[in-house]
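Subject: Structure handover

Hi,

Here is the structure I promised to pass on.

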Amino acid sequence: MFNLKNQYKKIITAAFVLIFSLLSAIYAQNSNLNFERLSLKEGLSQSTVYSIIQDSEGFMWFGTQDGLNKYNGYNFNIYKHNKLDSTSLSDNYINKCYEDKEGNIWIGTFSGGLNKFDKNTEQFKHYLHDPDNPNSLQSNNIWTIYEDRSGTLWIGTLKGGLSNFNKEKETFTNYMHDSLNTNSLNDNDVWAIFEDESGIIWLGTFGGGLNKFDVKKGKFTHYIHDDDNPNSLSNDYIRCIYEDSSGFLWIGTEEGLDKFDKKF
């Protein structure tokens, strides 16, 4: 005769065995975790790392507060500013490393502007703010670098707004906040740049919220926090932007994460 009570006991016992086995496997995996530490002893130039990329050749690049580090998996090659060498790194304090589609390494520094590194010559070319040249970089403090699908380089700066760099002409078009123009950039501290699937440029500012940039019209649309609107941006200080496969924008702010539906 079928014994329902015994059957339940067997099912419960099997469930406990399965759960125990899973927990044991998880514990075993965790106990085997191994972090390899690369610090000053291993050749890293400085212990505070702000930017990491892997280039198209497989090398790792680390931007620190004291120099640029290239790592081949075994050794570090360190690049630093040398006042006697005009082709050396312009500033040792690095905020951002970026590789473009052509394989060039771009370095955004804290006070030395933008650097382009030529892998063949091992030399740096500097792009700096020139108060007498309106087509120069607007600020020497670079926060972020982004290349859009057309190959245009976008530079987000501190206090200098947004710069569009034409790599062929080597000229900058600058966009800054204008209190008399409601369609201008909403804040001059640009920390995040992202091009969505439709080709729209989105900017995360540090105090001016999210900006949507229509490049053809040169017009910025602002999305800012509103205390009276629970569906508004949660915070106007934005650090990162990403678009998922469904077309939603994810906005990383100083007060959490926002999911933005661009269709509305």
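**What I found**

Trp-154 and Phe-213 are both buried, where buried means under 20% relative accessible area, exposed means over 50% and partly exposed is in between (1.4 Å probe, protein chains only). Before going on, a word on the source: this is a predicted model, in which local features need pLDDT of at least 70 and side-chain atom pairs count only at pLDDT 80 or more, while totals for chains, interfaces and linings use all residues. Residues are numbered from 1 along each chain as its sequence is written, and side-chain values use heavy atoms, with hydrogens and water left out.

**Aromatic rings**

The ring centres of Trp-154 and Phe-213 are 5.9 Å apart and the planes are at 85 degrees, so the pair is edge-to-face. The pair links distant parts of the chain, with Trp-154 in strand β10 and Phe-213 in strand β15, 59 residues apart. For the cut-offs: rings of Phe, Tyr and Trp (its six-membered ring) pair if their centres lie within 6.5 Å, and planes under 30 degrees apart count as stacked, over 60 as edge-to-face and the rest as tilted. Strands here are DSSP runs (E, at least two residues), numbered from the N terminus.

The structure holds 28 aromatic pairs. One of them joins Phe-62 and Tyr-71, a tilted pair at 6.4 Å centre to centre with 55 degrees between the planes. Phe-62 and Tyr-71 are both buried. There is also a cluster, in which ring pairs link Trp-61, Tyr-79, Phe-117 and Phe-124.

**The core**

In soluble globular proteins, nonpolar side chains tend to be buried together.

Leaving aside residues up to four places away in sequence, Ile-193 touches Thr-144, Tyr-146, Trp-154, Ile-155, Gly-156, Leu-162, Ile-201, Trp-202 and Leu-203; contact means heavy atoms within 4.5 Å.

Four strands make an open sheet in the order β13-β14-β15-β16, with antiparallel pairing. Two strands pair if DSSP finds at least two bridges between them. The edge strands are β13 and β16 (219-223), each pairing on one side only. From one strand to the next the twist averages 25 degrees, with axes being lines fitted to C-alpha atoms and angles running from 0 to 180 degrees between N-to-C directions. Antiparallel β13 and β14 are joined by five bridges, and Val-190 stands opposite Thr-205 in β14.

Another open sheet has three strands in the order β17-β18-β19, again with antiparallel pairing. β17 and β19 stand at the edges with a single partner strand each, so one side of each is left without a neighbour in the sheet. Here the twist averages 20 degrees from one strand to the next. Five bridges join β17 to β18, which run antiparallel, and Cys-240 stands opposite Gly-252 in β18.

**Lysines over rings**

Lys-259 lies in β19 (residues 256-260). The charged end of Lys-259 sits over the ring of Phe-248, 4.2 Å from its centre. The test for this is NZ of Lys or CZ of Arg within 6 Å of the ring centre and within 35 degrees of the ring normal. Not counting residues up to four places away in sequence, Lys-259 touches Phe-248, Leu-249 and Trp-250. In the other example, the charged end of Lys-70 sits over the ring of Phe-59, 4.2 Å from its centre.

Glu-122 has a positive phi of about 60 degrees although it is not a glycine. Glu-122 lies in the loop between β7 (114-118) and β8 (123-127), and at 36% relative accessibility it counts as partly exposed. Lys-159, also not a glycine, has a positive phi of about 70 degrees. Lys-159 sits in the loop between β10 (153-157) and β11 (162-166) and is exposed, with a relative accessible area of 60%.

Cheers
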